[in-house]
Amino acid sequence: MVNQMNPIEKILRDYGVMILDGALATELEGRGCDLNDPLWSAKILLEQPALIKQVHADYFAAGADCATTATYQATFEGFARRGLSRTKAAGLMRLAVQLALEARDEFWAQAAHRAGRPKPLVAAGAGSYGAFLADGSEYRGDYGLSEQALMDFHRPRLAALAQTRADLIAFETIPCLLEAQAVARLLAEEFPQVWAWVSFSARDESHVCHGELLADCVVVLDGYANIAAIGINCTAPRYLPGLIKAARTHTQKPVLVYPNSGEDYDVEHKAWADAGARQRYGPLSKDWRARGAQVIGGCCRTTPADIRQIAGWARAT
């Protein structure tokens, strides 16, 4: 069993709100990186790791209480396709965590940065099986795999990340209840000492992308001791009011939300459309908090400027 206190609940107890970072991959693209690759942001671990560290540092400076590492699309299978050995792949996963830890520790070493805020956490990102496929399946969940097969897929990466100094694991963009169950069982049965959050991708105000009710997913996860928080990511902001209500009604665990910018993603062309839909994160995020979300940040296309808006009201309360 998990003995130490849930690291998210500790921050919430002392500060009321925990601020996540924003997008990593699209922020790297904005700084000139070419991520048109099945490895996505994990590709930059091979090419420009210092830039990843700088993005983490910029989010901490903007007010983030947690950095999510560049391991969302980092899997042993994905790296093997690139011709990398398991040893090299595990080393890159460790590097991703180390970059976030270094950025955090260097930021925290300055006394001026410690006033009125908690020491930030590092969450080791772990994308869904669909993220590994790199075909948009994280927004469908139509894998055709059994729960056991999904456990077998997630096990090696979880084992590697569990051996790092990350504070917890971030299972992100989970599109279906079956995969959430697989992750929760894997944690409970084989990694009971590891804290993790689970966040779903959703297709409307009630349903995760595969079609199950978010409420039903939350009920299942609520019974697992080392699930630190449950929520939604990479989803349009307009759906959050209903989704937050569904989650808050069925769990006492912290509810986390980190939606995308409000633009629409074209899976076929791998491009973002309707830039005019960019949402103002400050007022929106304050509304999400009022509705019951306690852990708030941003996903695709959000930036340090968006996180700074959240910090603007969160630090003032």
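## Surroundings of Ser285

Apart from neighbours within four places in sequence, Ser285 is in contact (heavy atoms within 4.5 Å) with Ile296, Ile310 and Trp313. Ser285 belongs to helix H12, which covers residues 281–291; helices here are DSSP runs of H or I with at least four residues, strands are runs of E with at least two, and both are numbered from the N terminus. With a relative accessible area of 0%, Ser285 is buried. Buried means under 20% relative accessible area, exposed means over 50%, and partly exposed lies in between, for a 1.4 Å probe and protein chains only.

The model is predicted: local features need pLDDT of at least 70, side-chain atom pairs count only at pLDDT 80 or more, and totals for chains, interfaces and linings use all residues. Residues are numbered from 1 along each chain as its sequence is written, and side-chain values use heavy atoms, with hydrogens and water left out.

## The sheet

An open sheet of 8 strands runs in the order E1-E10-E7-E6-E5-E4-E3-E2, with parallel pairing. Its edge strands, E1 (18–19) and E2 (66–68), each pair on one side only. Two strands are taken to pair if DSSP finds at least two bridges between them. Strand E5 (residues 196–200) and strand E6 (residues 227–233) are joined in the parallel sense over 5 bridges, and Phe200 has Ile232 as its bridge partner in E6.

Helix H8 (residues 147–162) lies across strands E3 (121–127) and E4 (168–174), and runs at about 165° to E3. For such angles, axes are lines fitted to C-alpha atoms, for helices over the stretch in contact, and the angle runs from 0 to 180 degrees between N-to-C directions.

## Helix H4 and its cover

The buried residues of H4 are Leu51, Ile52, Lys53, Val55, His56, Tyr59, Phe60 and Ala62. Their cover includes helices H2 (25–30), H3 (43–47), H6 (86–108) and H13 (304–314), together with strands E2 and E3.

Leu46 is found in helix H3 and is partly exposed, with a relative accessible area of 36%. Not counting residues up to four places away in sequence, Leu46 touches Leu39, Arg82, Leu84 and Leu92. Leu46 and Leu92 are 46 residues apart in sequence, and their C-alpha atoms are 7.8 Å apart in space.

A nonpolar core is a set of buried Ala, Val, Leu, Ile, Met, Phe, Trp, Tyr and Cys residues joined through side-chain atoms within 4.5 Å. The largest such core has 94 residues, and those with the most contacts inside it are Leu28, Phe79, Ile169, Phe171, Leu187, Phe200 and Leu214. Helix H6 gives the most to this core, with 12 residues. A second, separate core of 20 residues includes Met18, Leu20, Ala123 and Leu256. Phe79 is in contact with Leu39, Ala42, Ala74, Leu84, Ala89, Leu92 and Met93, leaving aside its neighbours within four places in sequence.

## Aromatic pairs

The structure holds 7 aromatic pairs. Rings of Phe, Tyr and Trp (its six-membered ring) pair if their centres lie within 6.5 Å; planes under 30 degrees apart count as stacked, over 60 as edge-to-face and the rest as tilted. Tyr129 and Tyr143 form an edge-to-face pair, 5.1 Å centre to centre with 70° between the planes. Tyr129 lies in helix H7 (residues 129–133) and Tyr143 in the loop between H7 and H8, so the pair ties together parts 14 residues apart in sequence. Both tyrosines, Tyr129 and Tyr143, are buried.

The ring centres of Trp197 and Tyr258 are 6.0 Å apart and their planes stand at 75°, so this pair is edge-to-face. It links distant parts of the chain, with Trp197 in strand E5 and Tyr258 in strand E7 (residues 255–258), 61 residues apart. Trp197 and Tyr258 are both buried. One aromatic cluster is formed by Tyr129, Phe132, Tyr143 and Phe153.

## Positive phi values

Most residues other than glycine have a negative phi. Ala134, which is not a glycine, has a positive phi of about 55°. Ala134 lies in the loop between H7 and H8 and is partly exposed, with a relative accessible area of 22%.

Arg301 also has a positive phi, near 75°. Its place is in the loop between strand E10 (295–296) and H13, and at 31% relative accessibility Arg301 counts as partly exposed.
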